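Hello,

Here is the structure we talked about, for you to open alongside this message. My notes on it follow below.

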Amino acid sequence: MTEPLIYELSAAGRRGALLPAIDVPETALPAELLRDDLDLPEVSEMQVIRHFVKLSQMNHAIDKGFYPLGSCTMKYNPKFNEDMARLPGFALLHPLQDQDSVQGALALMYTLQTWLAEISGFKAVSLAPAAGAQGEFSGILMIRKYHQERGDTKRTKILVPNSAHGTNPATVTMAGFQAVELPSDANGDVDLAALRAACDDTVAGMMITVPSTLGLFEGHILDVIRAVHDCGGLMYMDGANMNALMGIVKPGELGFDVMHYNLHKTFSTPHGGGGPGSGPVAVGDKLKPYLPGPVVEIVEPASDEDDAPLYGLRMPEKSIGRMKAFYGNFGMHVRAYAYIRIHGADGLYNVSRHAVLNANYLRVKLRDTYRVPYDRICAHEFVVEGHFPDVENVHALDISKRLIDFGVHPPTNYFPLIVPEALMIEPTETEDKATLDNFVEVMKTIAAEAREHPDRLRSAPHTTPVSRLDEVRAAKQLVLCCRPIPEWAE
Amino acid sequence: MGSWNTPAELKYTKNDEWLRIEGAIGIIGISDYAQDQLNDIVFVELPEVGATFQKGQSFGVVESVKAASDIYAPVSGKVIEVNTALEDEPEVINADPYGKGWIVKFELSNPVDADDLLDAAAYAAYCDSRQS
């Protein structure tokens with residue numbers, strides 16, 4: 001069953017809400033901006049509610065079902081986070097308020113900076129980046145400025161392993177560097193010989209995803225860091241997969257120079273349409289002066305233990321500047337703070353242990369049914385091949401679509417590119433054994449169907465309001481409008 | 001497995017481009033294996049005529065419903081013609097990768113560049129090796 005567009009529900013003269021009387025002086029709008037053909041749907045409040053509730057019910061969400069979308073860490077977002085973010089003292093702040101009147105919010109940001117530094121083993125953190133991609137971008141801009149200030153301008157390359165997040169080479173390119181792809185070895189680790197051959201005085205740094213998109217913790221991480229440092233480059237760790245490492249590994253202590261977090265993955269702030277994201281960057285001593293700002297600092301220490309310090313916003317000394325207006329996505333800071341506070345150190349350690357345990361449980365349960373190309377102890381996720389040697393023309397995409405019929409969100413498919421027909425599976429720590437066992441059964445059922453009724457996969461999904469979508473048309477036909485485009489919008 | 005077409009008269013790269021040499025001209029496209037792996041191709045970014053590329057340099061992009069992939073120059077040369085038909089019908093690469101799906105023509109600047117490319121048998125074996 002499909003739902004009509006809200007424009008199709010419209011009837012002339014119907015209205016949803018009555019606007020209150022104006023309580024400020026009325027100012028005439030500029031005549032050239034006035035128009036009488038404003039094309040908006042006319043619907044009642046009830047229609048609006050039902051329309052959007054129905055649409056939301058057609059969606060898949062972690063609150064409705066299992067969501068093993070690799071790399072995205074679709075774990076449960078505790079409702080407690082939402083309660084905290086809705087406290088009026090946080091929710092009703094205005095970013096232009098006097099700093100004296102927002103000391104509680106600044107204290108929260110300062111504490112979150114401190115905790116994120118502690119968890120990652122770095123010296124300082126900026127909460128400014130609006131999401132992971134911006135965290136990456138600010139990290140690479142810091143590396144660029146570091147070399148520039150030393151006059152070391154021949155460093156134009158950044159090394160990126162082929163098991164990195166797809167955003168990494170994009171970030172490198174956007175920051176004006178040349179991305180140099182490094183191969184992986186047979187174990188899925190960085191090919192050390194290729195790395196050493198690439199290390200010279202034109203290398204500004206290396207951007208490595210740990211654990212990688214194969215879900216593997218780099219086997220010779222210290223050798224990798226040493227090789228890059230020895231040639232004068234800096235080490236960037238894509239920390240989007242920190243969900244696997246909390247309380248286990250501190251990247252700053254391994255020797256990394258900079259890392260970004262995704263609060264919307266590791267620390268359970270909402271994402272995937274419910275965002276926005278948040279991508280704080282953490283740095284060691286070398287890059288601390290370059291952090292994007294503003295950062296929160298203590299302006300005046302507390303005079304005694306009953307007193308609170310005075311917090312203030314400051315731009316770091318040689319800052320690369322602002323990443324966005326104001327102070328990062330503050331609502332996400334509140335949620336991540338609440339999550340860390342509720343869990344404590346032991347709780348976060350258990351989050352990572354269970355994320356790793358769940359992934360390894362599924363890997364071992366599935367490896368006799370689906371080929372696992374790098375079959376070793378994995379971190380928070382693993383990659384299987386979504387095809388069968390004895391079945392023609394059944395692909396990872398068909399398996400993914402068939403999973404929808406069983407109420408499971410498909411894994412990430414066709415990434416990483418180094419695995420044919422890749423299905424990247426990340427169960428997260430918030431699923432219990434019964435859910436994991438059900439997923440294993442479903443995956444085995446689908447593998448059996450691939451042999452007995454392959455068309456069931458090729459034409460899936462069957463239980464959704466619309467079945468298999470035309471992805472080619474979606475990619476090629478870019479102008480979508482159900483009604484003629486009005487003249488003023490052309 | 002191993003059902004990909006690899007015409008014997010062409011040279012291939014490990015990045016899945018093919019090269020057909022006609023005198024001083026090299027015609028370049030992507031292989032049957034590449035189009036099969038990419039699945040439905042929806043967009044091709046072509047280089048400018050007159051641009052020069054070194055062997056191994058990226059000169060364009062092929063985008064499918066699955067992934068976007070750079071296309072690398074199998075040899076050094078100057079672009080003398082691009083297949084503008086691909087702008088409206090990129091799916092031609094899926095249907096006819098070695099014929100109507102050609103991507104660019106290079107004037108070869110260093111014809112010996114082609115010497116270390118794979119021949120059809122070696123390339124076919126390389127495709128098989130990636131399918132475990």
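**Chain A overall**

Among the contacts in chain A between residues at least 6 apart in sequence, 73% join residues at least 24 apart. Please bear in mind that this is a predicted model.

Chain A holds 15 helices and 12 strands. Its radius of gyration is 25 Å, close to the 23 Å that the globule rule gives for 490 residues, so chain A is as compact as a globular protein of that length. The C-alpha trace of chain A spans about 70 × 70 × 50 Å along its principal axes. Of the 490 residues in chain A, 43% are buried.

The domain assignment of chain A gives domain 1 as residues 6-46 and domain 2 as residues 81-341. The C-alpha centres of domain 1 and domain 2 of chain A are 44 Å apart.

**The sheet in chain A**

An open sheet in chain A is formed by 7 strands, in the order E1-E7-E6-E5-E4-E2-E3, with mixed pairing. The edge strands are E1 (124-126) and E3 (178-182) of chain A, and each pairs on one side only. From one strand to the next, the twist averages 20°.

Strand E5 (residues 234-238) and strand E6 (residues 258-260) of chain A pair in the parallel sense, over 3 bridges. In this part of the sheet, Asp238(A) stands opposite His260(A) in E6(A).

Two helices that pack on the sheet are worth a look. Helix H4 (residues 103-120) of chain A touches E1, E6 and strand E7 (281-283) of chain A. The direction of H4 makes about 125° with that of E1(A). Helix H6 (residues 167-174) of chain A touches strand E2 (157-161), E3, strand E4 (203-209) and E5 of chain A. The direction of H6 makes about 175° with that of E2(A).

**Strand E2 of chain A**

E2(A) runs parallel to E3(A), and 5 bridges join the two strands. Leu159(A) stands opposite Val180(A) in E3(A).

**Chain B and where it touches chain A**

In the contact between the chains, 8 residues of chain A meet 8 residues of chain B. On the side of chain A that touches chain B, the residues divide into 5 nonpolar, no polar and 3 charged.

Is Leu10(B) buried or exposed? Leu10(B) has 20 other C-beta atoms within 10 Å, and 20 or more is the cut-off for a buried residue, so Leu10(B) counts as buried. Leaving aside its neighbours within four places in sequence, Leu10(B) is in contact with Trp18(B), Leu19(B), Arg20(B) and Ala120(B). Leu10(B) and Tyr98(B) are 88 residues apart in sequence, and 9.2 Å apart in space from C-alpha to C-alpha.

Regards

Note on methods. Residues numbered from 1 in each chain as written. Chains lettered and ligands numbered in written order. Predicted model: local features only at pLDDT ≥ 70, side-chain atom pairs only at ≥ 80, totals over all residues. Pairing = 2+ DSSP bridges. Helix = DSSP H or I, 4+ residues; strand = E, 2+ residues; numbered from the N terminus. Axes fitted to C-alpha atoms, helices over the stretch in contact; angles between N-to-C directions. Contact = placed C-beta atoms within 7 Å. Buried ≥ 20, exposed ≤ 12 C-beta atoms within 10 Å, placed from the backbone. Rg over C-alpha atoms; globule rule 2.2 N^0.38 Å. Nonpolar A, V, L, I, M, F, W, Y, C, P; charged D, E, K, R; others polar. Domains from an automatic or database assignment.
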